[in-house]
Amino acid sequence: MPLPFLAHVYYTGYPTWLPEPLRLLKVLGTVGAVTLTKWYTSGRSNRSERNMHGRVVLITGGTSGIGAATTLELAQRGAQIVLLTRLAPTDSFLVDYIDDLRTRTGNQMIYAEQVDLADLHSVRQFATKWIDNAPPRRLDMIVLCAATMVPPGSPRVETAEGVEVTWQVNFLANFHLLGILSPAIRAQPFDRDVRIVIPTCSSYISAPKLDAGLDREGWTPQTAYARSKLALMVFARAYQKHLDAYKRPDQLPMTARVVLVDPGLARTPGMRRWLTRGSLWGLGLYLVFYVFAWLLLKSPEMAAQSVLFGVMESSLVRVPGGRLIKECMEVDCARKDVDDEEVAKKLWEASDKLIERVEKQQAVKRAKAKKEREKDEKKKEEEQKRDEEKKKTAAQVEEIEALVDAITRGKAKAAKEAKDGKQTYKKETQETTKKGGRKGNPSHLHPVFFTDKLRRPPFHIVAGPYTSPIAHGYVYQDGQRGVTRL
Ligand SMILES: NC(=O)c1ccc[n+]([C@@H]2O[C@H](COP(=O)([O-])OP(=O)(O)OC[C@H]3O[C@@H](n4cnc5c(N)ncnc54)[C@H](OP(=O)(O)O)[C@@H]3O)[C@@H](O)[C@H]2O)c1
C-alpha cells in the first residue's frame, strides 16, 4: 500500500487532497512528540509474575490512587486483601467500594479494618488485635500506600494527638504499625516470602537532614512531606536490619524483605489536591489544563506497576532487603543518610520516645474522659431513679386520694341512703301498721333480709356482742310485731 502510493506521488506529483507537506510534517511531528512523551511519562509496566492466590495482604491507602490500583490488581490475582482504612466498616462508601471490588474481581476475600493513621491508639488497637492470635495469623505482605500531603500554602496541621499530621501519617504511624507487627512477621514460615512494600517519593532527595529537626518556623508542606518520606526510607532500611538480626527457632535465615518503591508522579486524588492547593479555583485550572496533567503524569494504574513489581519480583527475595525500586527496576538511593546507622538509631529512639509520650498522654485523657462519662452516666441513672420514685409517689398519692374520695363519697352515699332508709322505714312501718301487714320492705319477710342499714332496733334493745344478727332481726321483726324475745 505505501509503495504504490509513493510511486504514484513520484510519477504524478503530490495529490491535491493531501495537506501541504510542511503542515503534514508538523501534524505528524506533534502527534509523534505527544505519543513519545506519553509513552515516556507512563513509565514501565511490571512483567514479573507471582502466584498471589490466597496470600494475605494488609494494605493502607487501598481506597484511593496508587493503593486502589494495587488492591484491584492483587484482588484479581486472588489475594486475600485486608484494607486498613480510617473509614468505619459501616461507612457507605467503603461498603460500596468493597462490594464493587468483589464483583469486579470475583474475589470475596476482601475485608476492611478501621485504622486511622492519624491516631496512634487506633494503630495499636489494630496491630495488637492482629498479633494476639495463636498460632500466628498468616501474613504475606504489608503494602503501606497511605500518605497525606498538606496542600501548598496551607497552615501547619496537627493531629488530635498533637503531632504534625504529615509526620504522623506518613512516617510515625507506619513505624508504630511495623513495630507492633514485627513478631507476626518474624513468626511466618521460612518459605513464605513475606514482603513489606513501602512507597516513597523522589522528594526525599531535597529533604532537610533528619537530625536537624523541623521547627514551626521552618515548616512548609513540601519540606514536611519530603522529610517524612526520608524518615520512612531510613526506617525501612533499619527495619530490614532489625528483621535480619532475628534468630529463627528453626535456625533458617529470615526471608522477609522490605522493598522501597518510588512510583513516580501520578494523577491521583492526593496529587490533584496538591496541584489544586485544595481550592476550587485550583480545581478549575486543573480541569482547564487537564491535558498537561494527562500528558506528564502517570495514571494510578501505571504508577502502581513499580509497587506490583516490588510485590511480585522473585529476585528480590534472593538479595538483601531494603532495595529501592523505580520504573520496575532497582535504583540507587540518592541520599547517603538513608543508610546512616547513627541517623537510623536516633530516629528510632526519638520515634519510640514520641510514641510513648503521646500514648501516655492519650491514655490519661481517655481515662479522664471515661471517668467523666461514668460520672455523667451515674448522674443520669440517679436522676432517672429519682424521677421514677417521684412518679411512683405521685401515683400512690393519687391512688390514696382516689380511695379517700371513694370512701368519702361512699360515706355520703351511705348517710344519704341511711337517711332515706329511715324515712322509708318510717313510712313503711306506718303503712304496714295501718294495713296490719308486712308488705313493702323485704326485711319484713324474713330475718336474713335484715341489713345493716336497718339494724337499729326500734324498741331500745341493745345489740350486744353475743346477740346474733339473725336474732337481732327477730328482735326487730318481732319488735315490729310488738313481741320481744331475747
Ligand atoms: N501520587 C503521586 O504522584 C505520588 C508520587 C510519589 C509517591 N507517591 C506515594 O504513593 C503513595 C500513594 O499515593 P497516592 O497519590 O495514590 O495517595 P492518595 O491518592 O492521596 O491516597 C492516600 C490514601 O491514604 C489514605 N489516608 C490518608 N490519611 C489517612 C489516615 N489518617 N489514616 C488512614 N488512611 C489515610 C487515604 O484514605 P482516604 O481515602 O480515606 O482519604 C487514601 O486511601 C503515597 O505513599 C505517596 O506518598 C505518590
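Axes are lines fitted to C-alpha atoms, and angles run from 0 to 180 degrees between N-to-C directions. On this basis, in the predicted model, helix H7 (residues 221-244) runs at about 160° to strand S6 (257-262). Helix H7 lies across both S6 and strand S5 (195-199).

S5 and S6 belong to an open sheet of eight strands. The strand order is S3-S2-S1-S4-S5-S6-S7-S8, and the pairing is mixed. Strand S3 (110-114) and strand S8 (329-331) stand at the edges. Each has a single partner strand, so one side of each is left without a neighbour in the sheet. On average, neighbouring strands are turned by 25° against each other, direction ignored. Within the sheet, S1 (residues 56-60) and S2 (residues 80-85) run parallel and are joined by five bridges. Ile-59 has Leu-83 of S2 as its bridge partner.

H7 also packs against helix H6 (residues 165-186). The two axes come within 8 Å and cross at roughly 15°. Angles under 35 degrees count as roughly parallel, and H6 and H7 are therefore roughly parallel to each other. The crossing is right-handed. H6 contributes residues including Trp-167, Phe-171, Phe-175 and Leu-178 to the contact. Contact residues of H7 include Tyr-225, Leu-232, Phe-235 and Tyr-239. By class, this contact has 12 nonpolar, four polar and two charged residues.

Methods
Residues are numbered from 1 along each chain as its sequence is written. This is a predicted model: local features need pLDDT of at least 70, side-chain atom pairs count only at pLDDT 80 or more; totals for chains, interfaces and linings use all residues. Two strands pair if DSSP finds at least two bridges between them. Helices (H or I, at least four residues) and strands (E, at least two) are DSSP runs, numbered from the N terminus. Two residues are in contact if their C-beta atoms, placed from the backbone, lie within 7 Å. Angles under 35 degrees count as roughly parallel, over 145 as roughly antiparallel, 65 to 115 as roughly perpendicular and the rest as oblique. A crossing is left-handed if the near helix is turned anticlockwise from the far one by less than a right angle, and right-handed if clockwise. Ala, Val, Leu, Ile, Met, Phe, Trp, Tyr, Cys and Pro count as nonpolar, Asp, Glu, Lys and Arg as charged, and the others, Gly among them, as polar.
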